[in-house]
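Reader: I would like to go through this structure with you, starting with the sheets and then the ligand. Could you begin with any term I shall need?

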Amino acid sequence: MSEFESEIDAFLQSQAQSSAIRTLHPITHRQGMMIQNGIPLIDFASNDYLGLSQHPKLIQAAKDALDTWGVGSTGSRLLSGDTDLIHSLETKLAKFKHKESALVFNSGYQANVGIIPALAQGDTVIFYDKLSHASMIDGILLSKAPHYRYRHNDLNHLETILKKYRQNHQKAIIMTESIFSMEGDSAPLKELVALKSQYDCLLFLDEAHATGIFGKTGAGLVEQEGVSGEIDIIMGTFSKALGSFGAYIATSDRIKNFIVNTCRSFIFSTALPAPVIAANSAAIDIVLAEPNRRSTVLKNADRFRTQLKARGYSVRGCSQIVPVMIGNNQETVQLSEKLKNAGMQVFPIRHPTVPKGEERLRFSFSAIHTDDMITQLVNAF
Ligand SMILES: *Cc1c(COP(=O)(O)O)cnc(C)c1O
């Protein structure tokens with residue numbers, strides 16, 4: 001065996017021993033929240049919060065674009081891949097997010113790993129919430145900028161590190177998610193805006209889990225809190241509540257033009273195919289037209305949260321994401337397997353993704369979960 005092979009084997013064995021091994025589970029059929037994965041399961045793990053991934057209007061929009069444009073986009077945005085379809089989507093997005101401009105990216109991961117290094121050129125320091133998504137962390141590491149993390153949602157801690165390190169650098173960025181993917185809780189946006197003004201920082205907000213769910217028109221937590229104007233870069237994805245694929249930033253014309261000129265993950269990657277762009281556009285229309293979807297998904301999550309609390313479980317969050325705290329890898333894996341046998345798909349979130357003792361099952365709800373599905377889930381507990 002080569003050095004690589006024996007190291008790889010040792011790693012996989014130790015992951016398996018600590019119940020931390022990751023494996024793939026192909027789904028063979030999906031109809032809304034009912035999936036076939038060996039056995040029929042109700043899906044409580046998907047990010048299809050509004051149930052749009054199989055919506056007839058998204059499918060039709062994609063089909064029409066497929067007939068008109070074909071499958072591939074033929075190039076990056078700066079070469080042959082740019083279309084008026086993408087520009088219309090960006091105009092719609094900018095209006096939706098109450099910003100001057102928007103720029104579409106191929107995925108949330110690509111947006112975050114590209115934008116942060118582009119922004120942090122020169123003497124820049126980054127302050128970020130400890131629970132920020134891996135794509136943000138990777139962007140920070142790729143930027144090579146000095147970076148300091150603050151305890152989750154702890155603005156006293158943020159201010160302490162701002163006082164200590166901000167003055168040593170010309171520019172500063174504060175980064176956070178608005179709805180946190182593993183906690184399901186929300187960031188205090190108004191207070192963050194106050195700090196970013198006081199300490200002259202740029203504020204970057206990842207709304208991957210908030211877009212489509214929060215705010216009067218579904219534009220996210222920025223809309224609910226009325227802070228769109230104060231946040232320099234609002235990033236979001238089409239891959240969660242919008243049921244499709246891709247991502248975007250909503251920002252000023254100036255920053256957009258800068259990103260187009262400097263962001264390597266934007267410049268050096270092929271544009272999204274037209275059917276995806278068309279589906280994304282149709283998804284925004286549905287978010288605007290059907291506010292009942294976002295109220296239903298939050299009601300579904302609240303119902304589950306209330307009933308589990310009543311049964312003595314420790315649950316977290318204030319959104320469509322509901323972590324149920326279990327406390328160690330082995331029990332978390334066992335419970336997810338028991339739930340699977342009862343017909344529920346949910347995944348264990350283990351150490352090292354979360355700190356030891358905070359291992360959990362992460363349930364995510366959708367507007368198309370029925371009352372009966374939630375009753376079945378509660379009863380399974
Ligand atoms: C899912 C997610 C991303 C990545 O988005 P993709 O489009 O799936 O690449 C980025 N940030 C957060 C907070 C996310 O939850």
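Author: Two strands are said to pair if DSSP finds at least two bridges between them. Please keep in mind that this is a predicted model.

Reader: Understood. What is the strand order in the open sheet of seven strands?

Author: The order is E4-E10-E9-E8-E7-E5-E6, and the pairing is mixed. Strand E4 (101-105) and strand E6 (147-150) are at the edges; each has a single partner strand, so one side of each has no neighbour in the sheet. From one strand to the next, the twist averages 20 degrees.

Reader: And how many bridges join E5 to E7?

Author: Five bridges connect strand E5 (residues 124-129) with strand E7 (residues 171-177), and the two run parallel. Ile126 has Ile173 in E7 opposite it. In general, strands of a sheet pair through backbone hydrogen bonds, in either a parallel or an antiparallel sense.

Reader: Which strands does helix H9 lie across?

Author: Helix H9 (residues 253-262) lies across E4, strand E8 (202-206), strand E9 (233-237) and strand E10 (247-251). Its direction is at about 30 degrees to E4.

Reader: What about the open sheet of four strands: which strands stand at its edges?

Author: That sheet has the order E1-E2-E3-E12, with mixed pairing. Strand E1 (29-31) and strand E12 (344-345) are the edge strands, each with a single partner strand, so one side of each is left without a neighbour in the sheet. E1 pairs with strand E2 (residues 34-37) over three bridges in the antiparallel sense, and Arg30 stands opposite Ile35 in E2.

Reader: Let us turn to the ligand. Which residues come nearest to the ligand?

Author: There are 13 residues around the ligand, and Gly108, Tyr109, Asp206, His209 and Lys240 come nearest. By class, the shell comprises two nonpolar, eight polar and three charged residues. Helix H4 (residues 108-119) supplies the largest share of that shell, three residues.

Reader: How much of the ligand does the protein bury?

Author: The protein buries 86% of the 380 Å² that the ligand exposes when taken alone.

Reader: A change of topic: where is Asp232 found, and what does Asp232 touch?

Author: Asp232 is in the loop between helix H8 (221-224) and E9. Leaving aside residues up to four places away in sequence, Asp232 touches Lys99, Lys196, Cys201, Leu202, Leu203, Ala250, Thr251, Ser252 and Ile255. The Asp232 side chain also reaches the backbone nitrogen of Leu203 at 2.7 Å.

Reader: Finally, the backbone geometry. Which peptide bond is cis, and which residue has a positive phi although it is not a glycine?

Author: The bond from His351 to Pro352 is cis, with omega near 10 degrees. Pro352 sits in the loop between strand E13 (347-349) and strand E14 (360-364). The positive phi, about 60 degrees, belongs to Lys144, which is in the loop between helix H5 (134-143) and E6. As background, most residues other than glycine have a negative phi, and most peptide bonds are trans.

Notes. Residues are numbered from 1 along each chain as its sequence is written. This is a predicted model: local features need pLDDT of at least 70, side-chain atom pairs count only at pLDDT 80 or more; totals for chains, interfaces and linings use all residues. Side-chain values use heavy atoms; hydrogens and water are left out. A residue is near a molecule or strand if one of its heavy atoms lies within 4 Å of it. Accessible areas come from the Shrake-Rupley method with a 1.4 Å probe; for residues, only the protein chains shown count as cover. Ala, Val, Leu, Ile, Met, Phe, Trp, Tyr, Cys and Pro count as nonpolar, Asp, Glu, Lys and Arg as charged, and the others, Gly among them, as polar. Axes are lines fitted to C-alpha atoms, for helices over the stretch in contact, and angles run from 0 to 180 degrees between N-to-C directions. Contact means heavy atoms within 4.5 Å. A polar contact is a pair of N or O atoms within 3.5 Å; within protein, one must be able to donate a hydrogen and the other to accept it, and residues adjacent in sequence count only if both atoms are side-chain atoms.
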